[in-house]
Amino acid sequence: MLTKVLFLPTARLTFDVELAENIYSQSKELLLNMEGIQPIIPEGLLTDPDMLVDFINVHGLDADVILFQDTTFTDGEFIQNAIDLVNVPVIIWGLKEPSIGGRLRLNSLTGVMSTANVLHNNKRPYLYTRGNPEEKATKINLEKQINVLSAIKKVKNLTIGVIGNYPGGFFFSGANEMDLRNAFGVDLKHYELHDWFDLAKEVNEEEYQSEIDFAEKQIIGLNRTDHTVKRFAQFVKVAKDYIRNDGLSAIAMRCWPDFFVELKAAPCGAFSQLTEQGFPTACEADIHGSLSMYILQMLSKGNAPYMGDVVNIVPENNSIILWHCGFAPYSIANPKTGATAGVHPNRKIGLAMDFGIKPGEVTLFRVGYGPEGYRFVITKGNALDVPNSYLGTSAEIKLDKDADEFVTYTVEQGIEPHFAMIHGDVTKELVEMARVLNIETLVY
């Protein structure tokens, strides 16, 4: 679904109107050529607060985002009228003054500060960018900020399916549902895991065959006749029925010991396939882990996320090892090995994944929760092109900062052991998301 962006280019006629109109035209062209949005653009500059009100009333009341451009200096009445009519986040777009000396032609920066003051005093969330429409960086920044606000809207409409209870002692996997809803707008829908098992055992071959076909195209060494592969496919079919029928977008699911005991199969393969197919699935019923994965998927525009434990430090590489006992979406496998089928390293039961994660820039992220409320824990680095560190799946990540200090920091801050990971750098987007949601950030 396209994000509806309400573009409000505001100006006063006492400034350089010819220059402002030229900037308006360039801005309009930029927005019309931007992917993933539906721009709502006036026919020209909005030079009077009443013009702005009329335009919004006719065209903009259902917008997702306000893109407020201080094309020249404008007073606070413009933005106040806008937010009185449309209750959505705002991006303030400031422009560079074209010259020093002589007439002050735009005075956009003063307008930006006036606009920000009004928003701040109204306790309305906003982001800010400064740059001219012909600059490549301006387009990149605006696209990222619109994506952040679009992701927030999706999070506010998110329902996480919680299947079963977290294992004994895994307190960090739980959530206070009221706090979660107040902070993010997220709803939880609870299910009994054993009900899903009962349904899975009844799924016939015709119904689950497509899940094996999907997996076989991507997993090396998959034995489609194995009992555990049958159980894997049956369970994925049931999970996707619930996802479709109940509007679930992410999953937090109990895994051990139930899968091994009742299905005689590992959960890891099912969780990997669901995540690969666009439904982030966190093990050990980790609700905030599931939310972390979903946010990373949204900010990366659909890349498959990973989640694992920080299990070791490699001092000589200034790296940490992120590991999971057998979960990983297929598309993040190191291309040297591909996504390889394996068994659970402790239980020796399939279907599990057994491969190292592909190299490249990565972001590590956790929606954390502590005595003071929510916090975003963020760091980044590069996944190294190395063999799989342990049975299961793993990524050895060379951090941008000191690895030992990072681990010490996480321990001292009492941060949860599960981290979500995505390929690419979305650290700035996470910080901006936290700003809009009024959540503390711990960036290391």
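Tutor: A residue is called buried under 20% relative accessible area, exposed over 50%, and partly exposed in between (1.4 Å probe, protein chains only). The model is predicted, so local features need pLDDT of at least 70 and side-chain atom pairs count only at pLDDT 80 or more, while totals for chains, interfaces and linings use all residues. Residues are numbered from 1 along each chain as its sequence is written, and side-chain values use heavy atoms, with hydrogens and water left out.

Student: Is aspartate 258 buried or exposed?

Tutor: Aspartate 258 has a relative accessible area of 10%, and therefore counts as buried.

Student: Which residue forms a salt bridge with aspartate 258?

Tutor: Side chains of opposite charge can pair when their charged atoms come close. The criterion is a side-chain nitrogen of Lys or Arg within 4 Å of a carboxyl oxygen of Asp or Glu. Here the partner is arginine 254, with the closest N and O atoms 2.6 Å apart. By this rule the count comes to 18 salt bridges.

Student: Where do lysine 237 and aspartate 241 lie?

Tutor: Helices (H or I, at least four residues) and strands (E, at least two) are DSSP runs, numbered from the N terminus. Both residues belong to helix H9, four residues apart, about one turn of the helix. Lysine 237 and aspartate 241 form a salt bridge with a closest N to O separation of 2.8 Å, and both are buried.

Student: Which distant parts of the chain are linked by aspartate 400 and lysine 380?

Tutor: The side chains of aspartate 400 and lysine 380 meet in a salt bridge at 2.5 Å, N to O. Aspartate 400 sits in the loop between strand S18 (393–399) and helix H13 (403–412), and lysine 380 in strand S17 (residues 373–383), 20 residues apart. Aspartate 400 is partly exposed at 44% relative accessible area; lysine 380 is also partly exposed, at 23%.

Student: Why is helix H14 described as largely enclosed by the rest of the structure?

Tutor: Eight of the eleven residues of H14 (residues 427–437) are buried, so the helix is largely enclosed. Among the buried residues are Leu430, Met433 and Val436. Just after H14, asparagine 438 takes a positive phi of about 60 degrees.

Student: Is methionine 113 buried or exposed?

Tutor: Methionine 113 is exposed, because its relative accessible area is 57%. The residue is placed in helix H4 (residues 108–121).
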